[in-house]
Amino acid sequence: MKKMLGILLVLVCMSAGSAYGAALEISCGDCANAAVGSEITCTVSMNSTPNEVATFGFDLLYNPDVLSYISFTKGTLAQNRFDFFGVNQQGSGHLRIGGFEIGTNPLPSGSGGDFLLLTFQVMAKGACGAKFSNLTDDFKCWPTNPAIVPVIPPGQSFSVNENSTNGTTVGMVSVTDDNNESLTFSIVSGNTDSAFAVSSSGEITVNDSSGLDCSAISVYSLKVRVSGCSGFAEADMTVNVTGALPVIQSGQSFTIRESSANGTAVGTVAVTGGSKTMTFSIVSGNTDSAFAVSSSGVITVNDSSRLDCSAISVYSLKVRVSGCSGSAEADMTVNVTGTLPVIQSGQSFTIPENSANGTAVGTVAVTGGSQTMTFSIEGGNDIFAVSNSGVISVTDSTKLDCSVSPYSLKILVSGCFGSSESNVTVNVTGTAPVVPSNQSFSIPENIANSTVVGTVIVTEGNHESLTFGIIGGDAQEVFAISDAGVITVTDNTKLDFCLNPIYSLKVQVSGPGGSTETTVTVNIEKPVKGNVNDDCKTDLQDAILSLQILTGIQTEAINPEADINNDGRIGLEEVIYILRDIANIK
């Protein structure tokens, strides 16, 4: 039975502010309309008491501006029981009432009726304000009218740093409780992600620090409930989540190679304080958007094509970090570096000597260096040039000569990180000489030694470095050829139209680019002057025939072209010419 009554008591007590079924009640007269100076009685009564009463205690609070306590009288239920029963004035508007039963006559459960009558003098018109407080002993946790419920003062507010650890105290819920009872606390709503907890003493603490982020939720609006045996109360209160003002460490500097790919990490902005979630931005100095910064403060390469240490070797970036407690800015530098350029050793290129101006010889191979480099040819060169992309080209083709090849060029390459030199070889090759075919010359058989027969024509090849030779068709060594290709007679005694009217000379032309062979024809002209009998030579027979014509023995010449002085006849002049030619007298 007592267990059932206890359950009933708890159920009744959880109905905040309800007087329905109150076990303990107080009622007073009409204080607002009573005459000042008159007396008024306040009656404490009971209704179906939930348990037996042997010992009891409670406080009665009233409005001291309206009432002044005079005396008390036991009610029917208190008559003939309770060996001690007293009412004491504790202070203005505060009576403490208590008693106990030593004998065997406690107040049984389920009792009802008047328990205590209190007499007051009316001091002023107004509300009586009578209510119970601090129920103890066998009265503990009885439902009362007016009900005793805890009161949470409104507008309570607390602050906690988002970096607080689990268990950190946020604040104590302020509660007034006239029943001096054990209270329970709970967070009814607003506790996103269970970030907070509240203890049985009303202490709000951090429950899950990982959920605290002032950039996400800066203010939690918590509805807190406090419950006692007579009912509960709820109130809204705020927890402000704060972070520290972020501070960017000064003088930060990073270094990145200009050849770094997009996304390469340059460095992380060092920040003290701040909040869990912060945003970073590059405010100024980020020429051509070369860099980007992430929400975690990592600076990365955004556009690697813009990194050129020869153009910009140092970026001065102004970086801003923002959190829920404010923002900060600081200047920092990003140094863009290259590597020392190194010209690969032993580089060699080859071009023909007939290359035109502007012809590319080759590209100087360089390892390392920077995106932008300059190239130059050091010392005494007026044949070649080198561009800033390292391409060697011909600038004066007239000076290309394979006979002085190779050319050794000292190349200097410079970048933002330094320079280096190295020799590069350019080999100039000649072209094989080209000799037109079907070249031929004609000479009389009585030509003098050293007389020029003709010059062998060469259309291509290094003319300054050619050599000529007769390698066939001149077994008797009648002719010779110079290194200028000039053919001359070396032994005219062997020239005989009758015996060898045509010489087919095999001539070889050689140069740095190779050699070429060709056949040159030398025609021996048939003798005409003095060849009266029109055979293949001028001899004594022609002289005799001329004398016969001169004396009339022979009437006309067989070969009219034998007339040497063009007088239209064969006479004494022809005889003399023939005899001198036979005698080799010119």
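Guide: Welcome! Rings of Phe, Tyr and Trp, taking the six-membered ring of Trp, count as a pair if their centres lie within 6.5 Å. The model above is predicted, and a search of the whole structure finds 20 aromatic pairs.

Visitor: What makes F196 and Y220 an aromatic pair?
Guide: Their ring centres are 5.0 Å apart. The cut-off is 6.5 Å, so the two rings pair.

Visitor: And why is this pair called edge-to-face?
Guide: The planes of F196 and Y220 stand at 90° to each other.

Visitor: Why is the pair said to link distant parts of the chain?
Guide: F196 belongs to strand β13, residues 196-198, and Y220 to strand β15, residues 219-228. The two residues are 24 residues apart. Both F196 and Y220 are buried.

Visitor: Which residues form an aromatic cluster?
Guide: One cluster includes F56, F58, F72 and W142. F82, F85, F115, F132 and F139 are also among its members.

Visitor: How do you know that the charged end of R225 comes within the distance limit for sitting over the ring of F232?
Guide: The charged end of R225 is 4.4 Å from the centre of that ring. The distance limit is 6 Å, so R225 meets it.

Visitor: What makes the nonpolar surface patch?
Guide: L540, I544, L579 and I582 make the patch, and its area is about 340 Å². Helices α2 (540-551) and α3 (572-582) each give two or more residues to it.

Visitor: Why is L579, one of those residues, called partly exposed?
Guide: L579, in helix α3, has 43% relative accessibility.

Visitor: D137 and C141 both have a positive phi without being glycine. Which of them is buried and which is partly exposed?
Guide: D137, in strand β8, has a phi of about 55°. Its 45% relative accessibility falls between 20% and 50%, so D137 is partly exposed. C141, in the loop between β8 and β9, has a phi of about 70°. At 15%, C141 is under the 20% cut-off and therefore buried.

Technical notes
Residues are numbered from 1 along each chain as its sequence is written. This is a predicted model: local features need pLDDT of at least 70, side-chain atom pairs count only at pLDDT 80 or more; totals for chains, interfaces and linings use all residues. Side-chain values use heavy atoms; hydrogens and water are left out. Rings of Phe, Tyr and Trp (its six-membered ring) pair if their centres lie within 6.5 Å; planes under 30 degrees apart count as stacked, over 60 as edge-to-face and the rest as tilted. Helices (H or I, at least four residues) and strands (E, at least two) are DSSP runs, numbered from the N terminus. Buried means under 20% relative accessible area, exposed over 50%, partly exposed in between (1.4 Å probe, protein chains only). A charge sits over a ring if NZ of Lys or CZ of Arg is within 6 Å of the ring centre and within 35 degrees of the ring normal. Patches are made of residues with over 30% relative accessible area and no salt bridge: like charges are joined within 9 Å, nonpolar side chains (Val, Leu, Ile, Met, Phe, Trp, Tyr) within 5 Å. Accessible areas come from the Shrake-Rupley method with a 1.4 Å probe; for residues, only the protein chains shown count as cover. A salt bridge is a side-chain nitrogen of Lys or Arg within 4 Å of a carboxyl oxygen of Asp or Glu.
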